Amino acid sequence: MLASQSRKAALNAFRSSSRKPLAAALSVRSISVDATASQDAQAPEDPDKPFTVKLLSQSFDAYNIEPPSLDFVTTKNELIDMYKNMATVRRMEFAADRLYKERAIRGFCHLSVGQEAVAVGMEKAITPDDQVITSYRCHGFAYMRGASVKSIIAELLGRREGIAYGKGGSMHMFAKSFYGGNGIVGAQVPVGAGIGFAMKYLGRPNVTFALYGDGAANQGQVFEAFNMAKLWNIPVVFGCENNKYGMGTSAARSSALTEYHQRGQYIPGLKVNGMDVLAVKQACAWAKEYTTSGNGPLVMEFLTYRYGGHSMSDPGTSYRTREEVSWMRTNQDAIAGLRTRLLDWGVVTEDGLKELDKGVKDVVDPEVAAAEAAEVPENTRKVLYEDIYTRGSEPDWLRGRTAEETYYYKE
Ligand SMILES: Cc1ncc(C[n+]2csc(CCOP(=O)(O)OP(=O)(O)O)c2C)c(N)n1
Ligand SMILES: [Mg+2]
């Protein structure tokens, strides 16, 4: 029996078990978020030789458009690379989790553990000249856009070696063709439409992905951006990462229609199994082709799940059950799902997987250590205001959390 088949059997057993409330909660999704089940396939010997695998039949749900093909063409090397990328993002965020708990990271810290397939699958479908902008949950996207693990962790630690010189923190990381990391919920959607407009205006053949959460999807500015994008046929993909919850409440309690891919009304949409990195890549490649062929925008919904709370200060269990979180972790995890397929398809052996995991550890851990070893910046006016104020306009004081904490440099 294939590993994926035993997983499938476990899943079916769970679904038919007496634990009705959770099964009911999960069945509101009309497409699968299964990342583990796979059709039979056999990878060729040559790691660069393309071969075709079938995506699960419930990978996509299209709105006013033909969905992408379920035939996914890949290579051993691509599959291995996707695995390494997702494992790297997860290990990096585990390090951030530890550093936050040790109080080395202060302020905000939003982890995407559970959602890695979206950032990785999307990047595999686009080029470095395509554009990406996202919400505050941005570490994985920053890494996939080219930021090093060291520069991301150093940013969280407030070091000058950070990707934004330690002045942005968790929500404000930027790289080439990556416009952050935005702390204002929803703000990145019209900005993303603007980036897409710039691509069209400049005659570039590139797509822009503007990502937002289910919690941002009801904002007025989102619909204003949809309108302009359609009016001017802007090559932008509005990508809703639907992880089922906003900051403390479920999507079903905040949205009159939780089919986020249909919320563009006059814009075609596609819902994607966001726990399956292969489905994400297939959908994003299809979306790039559609939007950059003069068809205008698309609305995409990535069904995904975050295992942690909204931020480090949220245990994430007051608005969902522990059972639900652990069920998703055990049964629908994107990384575990790809592991199963790598084995089933003969891409790697069990020993090969161990090697891959060790390789990820050997890359991530020294980079995290280097970020931790970087010097804490001096608390001087020069360092604090560098890159923030135009020379000569720096204030002589720094506001604290309370009036008493205000720091006056000249005293
Ligand atoms: C304009 C604005 N309103 C409120 C907030 C506070 N806030 C931060 S995240 C969040 C919920 C966002 O949920 P969602 O978009 O689903 O993203 P997720 O946390 O699930 O990734 C809220 C209300 C904010 N940052 N900006
Ligand atoms: Mg959400």
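Modeller: Two residues are in contact if their C-beta atoms, placed from the backbone, lie within 7 Å. This is a predicted model, where local features need pLDDT of at least 70, side-chain atom pairs count only at pLDDT 80 or more, and totals for chains, interfaces and linings use all residues. Residues are numbered from 1 along each chain as its sequence is written, while chains are lettered from A and ligands numbered from 1 in the order in which they are written.

Biologist: Thanks! Among contacts between residues at least 6 apart in sequence, what percentage join residues at least 24 apart?

Modeller: The protein has 14 helices and 10 strands, counted as DSSP runs (H or I, at least four residues; E, at least two) numbered from the N terminus. Among contacts between residues at least 6 apart in sequence, the share that joins residues at least 24 apart is 74%.

Biologist: Why does the radius of gyration agree with a compact globule?

Modeller: The rule, taken over C-alpha atoms, is 2.2 Å times the number of residues to the power 0.38. With 411 residues, it gives a value near 22 Å, and the radius of gyration of the protein agrees because it is 22 Å.

Biologist: What is the order of strands in the open sheet of six?

Modeller: Two strands pair if DSSP finds at least two bridges between them. The edge strands, S2 (60-63) and S4 (131-133), each pair on one side only. Pairing in this open sheet is mixed, and the order is S2-S7-S8-S6-S5-S4.

Biologist: At what angle does helix H10 run to S8?

Modeller: Angles run from 0 to 180 degrees between N-to-C directions, with axes fitted to C-alpha atoms, for helices over the stretch in contact. H10 (residues 277-295) lies across S2, S6 (236-242), S7 (269-273) and S8 (298-303), and its angle to S8 is about 175°.

Biologist: Is Ser177 buried or partly exposed?

Modeller: Ser177 lies in the loop between H6 (149-156) and H7 (188-201), and it touches residues including Asp129, Val132 and Arg145. A residue is buried with 20 or more other C-beta atoms within 10 Å of its own, exposed with 12 or fewer, and partly exposed in between, with C-beta atoms placed from the backbone. Ser177 has 18 such neighbours inside 10 Å, so it counts as partly exposed.

Biologist: Where is Gly203, and how does it count by its C-beta neighbours?

Modeller: Gly203 is found in the loop between H7 and S5. Its C-alpha is 44 Å from that of Arg329, 126 residues away in sequence. Because Gly203 has 6 C-beta neighbours inside 10 Å, it counts as exposed.

Biologist: Which residues does Ala41 touch, not counting those up to four places away in sequence?

Modeller: Ala41 sits in the loop between H2 (20-26) and S1 (51-54). It is partly exposed, because 16 other C-beta atoms lie within 10 Å. Leaving out residues up to four places away in sequence, Ala41 touches Phe51, Val53 and Trp345.

Biologist: How far apart are the C-alpha centres of domain 1 and domain 2?

Modeller: The domain assignment, an automatic or database one, gives domain 1 (3-373) and domain 2 (381-411). Their C-alpha centres are separated by 38 Å.
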